[in-house]
Amino acid sequence: MIPSTTFTHTLAGHPLAAGGAGEHRTLIITLFSVFVAVTLGITVWAGRQTKDATDFYAGGRSFSGFQNGLAVSGDYMSAASFLGIAGAISLFGYDGFLYSIGFLVAWLVALLLVAEPLRNSGRFTMADVLAHRLEQRPVRTAAGTSTIVVSIFYLLAQMVGAGALVALLLGATGEGSRRWIIVLVGLVMVLYVTIGGMKGTTWVQIVKAVLLIAGTLLITVLVLNKFHWNLSTLLGRAAEASGKGRAFLEPGLQYGKDGTSKLNFVSLGLALVLGTAGLPHILIRFYTVPTAKAARKSVNWAIGIIGAFYLMTIALGFGAAALVGPKAITASNESGNTAAPLLAQEIGGGAGSTGGAILLAVISAVAFATILAVVAGLTLASSASFAHDLWANVIRKGRTSEKEEILTAKCAAIVIGAISIALGIFAHRLNAAALVALAFAVAASANLPTILYSLFWKRFTTRGALWSIYGGLVSSVTLVILSPVVSGNPKALFPGLSFDWFPLSNPGLVSIPLGFLLGWAGSLLSRPAPDQEKRYAELEVRSLTGFGAH
Amino acid sequence: MDPEKAVGAPPTTPEGTDEPVRTPATPAIPAPAAGSELESATDVTGTATDVTDNAVSSTDFTGMRDSEEFGELRRAHRSFAFPLTIAFVTWYLLYVLLSNYAGGFMDTIVVGNINVAFVFGLAQFLTTFLIAWWYARHAAEKIDPRAEALKARMEAGE
């Protein structure tokens, strides 16, 4: 999730710094296999209980607010949060911490404006809410398209990251083994989704969230204990070890260089805070609980869990800077993605020690579990939208059976799995973080305006929705293509070419206001449908009271 | 963080009515097939609502929307959520902009190695937690009872 980090450059094949991961490989593989075996077991069990569409898409709406809160946290805390933020803090100090804040504050948008009305008025996807009051076929096509685009960018980022990270940690640095690992991750995630549906995927998220929190808590306690529970000492030592002195604890180390990089940060900050409430794999989680009240409760739990986790990234990141040191971190991975596992090794007793080996293996296994779970959540969101929005309602015009729709979703999951495996293999030079930032920016530009207008603006029309979704989608993707992420510098996707006409690497600052503006303009430039008034009245009543909710 | 415990169901609402899965659907029709809903939705007017659901389709939503009680419910949500959203987004953007453009202020040491920027960052965590808690309390007191009463009234077919 961290746009500043790259998994790309880790592929050259540095073995894990000092000590190497080789000797711990067996332990890592064992722990990871146990996780996969247990979660697949849960998936098969959940699959047996999955009978109709509500089970498959929404886990039978049988989860409690707390369970779903854990699952939401599991879906949200991707490998990039865990590894990326720790890495960014360990290398850029304070500027890395800024991400934790944006990712957390963003949840208030979901809590105050989106979660409850969405739960009350929709069935399985984000588009259900729009279809209440707008012409359903065009808006489902648009919302389905943007759901799939956002999810695939997010997925691709995770797959690229998974490949690079797994290869790095297991020491399997050859191109061949990296490919096999991507294929393996893709296969397991397709199994989770096709067999277990939402019920299985939700339990995978819950297991993963508990593991991630437990692992992070363990390292945090050990780090703080080492500094006698004195935060100031930890910060001081980190600043000292960073070689940057006090600047390490001040804003601007990464984003303060010039006017453009400062604007870039504002752009990123905007995308992060407004993107969360438009992420399809997060939105569909609200359908897994029985009521809007339970949806609110799950967001509140998620805010507590995610907030606690991001607070612990302070200990992880500054701890890694102080104890491992930036030299050893960058030697292992130049964007810092292995800072957390390296810290675990160090705090367990250092390279070569048994304690170090065990902690390294545990934290690495947690990181793999994280990747796998997030990837499964994304696959489910995009295949659900394909089957429910595009296939059942647009292509087959509603003449499908529930069975056919579920089968379509499963096939879509296989296709999406195959696409992401292929992209993960061939596009491994892509900057994983830029892809995630793009996913947030697209979600904030294309999805959020339409959701908010649909729920709260009487005058909103179908044309407004289409302009907003397609306008937000096209503008954000185009601006990224024209940005320094894709060309014009040695770190870009195509370093040899230069069509970097847009100076910012995150499009949010332009595309998010544009998405809102287009939704507004499109609505005012079109006449509302004759029954618009009546249908909006129904949506308002349903979304606030929960009457007739599925 | 546990609004349900704080409220309890309002006296007029029987236990369990907040389980929408079972509520208004006529039991004679076993689990409305996705197809039937969707089919009806493809007509020209494109009614996307579940027409197998008689209680829902016969409800006068416009009348309900214009009623005094619904106005109160909507106000209870909007007058709380909208200003608060503007406030926390402004507060967050202020923090982002200060980090970017007010280096001198943010670098001021508060105690030990902890500077204003760090305190500001932790304050964002704190306000997020507080707003979440505050909203849960507000919703339990002012939104849920109203929503449940209206829902029960509509389900009774008034």
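Colleague: What does the secondary structure of chain B come to?

Modeller: Seven helices and two strands in chain B. This is a predicted model, so keep that in mind throughout.

Colleague: In what order do the elements of chain B run from the N terminus on?

Modeller: The order in chain B is α-α-α-α-α-α-β-β-α.

Colleague: And what percentage of chain B do buried residues make up?

Modeller: Chain B has 158 residues, and 33% of them are buried. Of the chain B contacts with a separation of 6 or more, 60% are between residues 24 or more positions apart.

Colleague: Switching to chain A. How many residues has helix 16 of chain A, and how far does it reach?

Modeller: Helix 16 of chain A covers residues 354-395, which is 42 residues. From first C-alpha to last it reaches 58 Å, close to the 62 Å expected at 1.5 Å a residue.

Colleague: Where does helix 16 of chain A bend?

Modeller: At A:Phe386, by about 25 degrees.

Colleague: How many residues of helix 16 of chain A are buried?

Modeller: Helix 16 of chain A is mostly covered, with 37 of its 42 residues buried.

Colleague: What follows helix 16 of chain A?

Modeller: A:Lys397, which has a positive phi, near 50 degrees.

Colleague: Then helix 17 of chain A. What is its span?

Modeller: Helix 17 of chain A runs over residues 402-426 and has 25 residues. It reaches 36 Å from first C-alpha to last, close to the 36 Å expected. Its buried residues include A:Ile406, A:Ser420, A:Ile421, A:Leu423 and A:Gly424.

Colleague: At what angle do helix 16 and helix 17 of chain A pack?

Modeller: About 130 degrees, with the axes 8 Å apart. Helix 16 and helix 17 of chain A are therefore oblique to each other. The crossing of these two helices is right-handed. On the helix 16 side of chain A the contact involves, among others, A:Phe386, A:Ala387, A:His388 and A:Trp391; on the helix 17 side of chain A, residues including A:Ala409, A:Ala412, A:Ala413 and A:Ile416. A:Phe386 is also where helix 16 of chain A bends.

Colleague: What about helix 19 and helix 20 of chain A, at what angle do the axes cross?

Modeller: Helix 19 (residues 462-481) and helix 20 (residues 508-524) of chain A cross at roughly 155 degrees, and their axes come within 7 Å. That makes helix 19 of chain A roughly antiparallel to helix 20 of chain A. Helix 19 of chain A passes helix 20 of chain A in a right-handed crossing.

Colleague: Which residues meet there, in helix 19 and helix 20 of chain A?

Modeller: From helix 19 of chain A, the residues include A:Gly464, A:Trp467, A:Gly471, A:Gly472 and A:Ser475. From helix 20 of chain A, they include A:Leu514, A:Gly515, A:Leu518, A:Gly519 and A:Trp520.

Colleague: And helix 6 with helix 21 of chain A, at what angle do those axes cross?

Modeller: Roughly 110 degrees for helix 6 (residues 107-121) and helix 21 (residues 532-545) of chain A, with the axes coming within 7 Å. Helix 6 and helix 21 of chain A are therefore roughly perpendicular to each other. Their crossing is right-handed. A:Pro117, A:Asn120 and A:Ser121 in helix 6 of chain A meet A:Leu539, A:Arg542, A:Ser543 and A:Leu544 in helix 21 of chain A.

Colleague: Is A:Arg61 buried or exposed?

Modeller: A:Arg61 counts as buried because it has 23 C-beta neighbours inside 10 Å.

Colleague: And A:Trp229, buried or exposed?

Modeller: A:Trp229 counts as exposed, with 10 C-beta neighbours inside 10 Å. Its phi is positive too, near 55 degrees. A:Trp229 lies in the loop between helix 9 (175-226) and helix 10 (231-242) of chain A.

Colleague: Last one: which residues is A:Ala46 in contact with, leaving aside its neighbours within four places in sequence?

Modeller: A:Gly196, A:Gly197, A:Lys199, A:Gly200 and A:Trp203. A:Ala46 lies in helix 1 (residues 25-48) of chain A and is buried, with 23 other C-beta atoms within 10 Å. A:Ala46 and A:Thr201 are 155 residues apart in sequence but 8.8 Å apart in space, C-alpha to C-alpha.

Terms used. Residues numbered from 1 in each chain as written. Chains lettered and ligands numbered in written order. Predicted model: local features only at pLDDT ≥ 70, side-chain atom pairs only at ≥ 80, totals over all residues. Helix = DSSP H or I, 4+ residues; strand = E, 2+ residues; numbered from the N terminus. Expected span 1.5 Å × (residues − 1). Bend = angle between axes of the 7 residues up to and from the residue. Buried ≥ 20, exposed ≤ 12 C-beta atoms within 10 Å, placed from the backbone. Axes fitted to C-alpha atoms, helices over the stretch in contact; angles between N-to-C directions. Parallel < 35°, antiparallel > 145°, perpendicular 65-115°, else oblique. Left-handed = near helix turned anticlockwise from the far one by under 90°. Contact = placed C-beta atoms within 7 Å.
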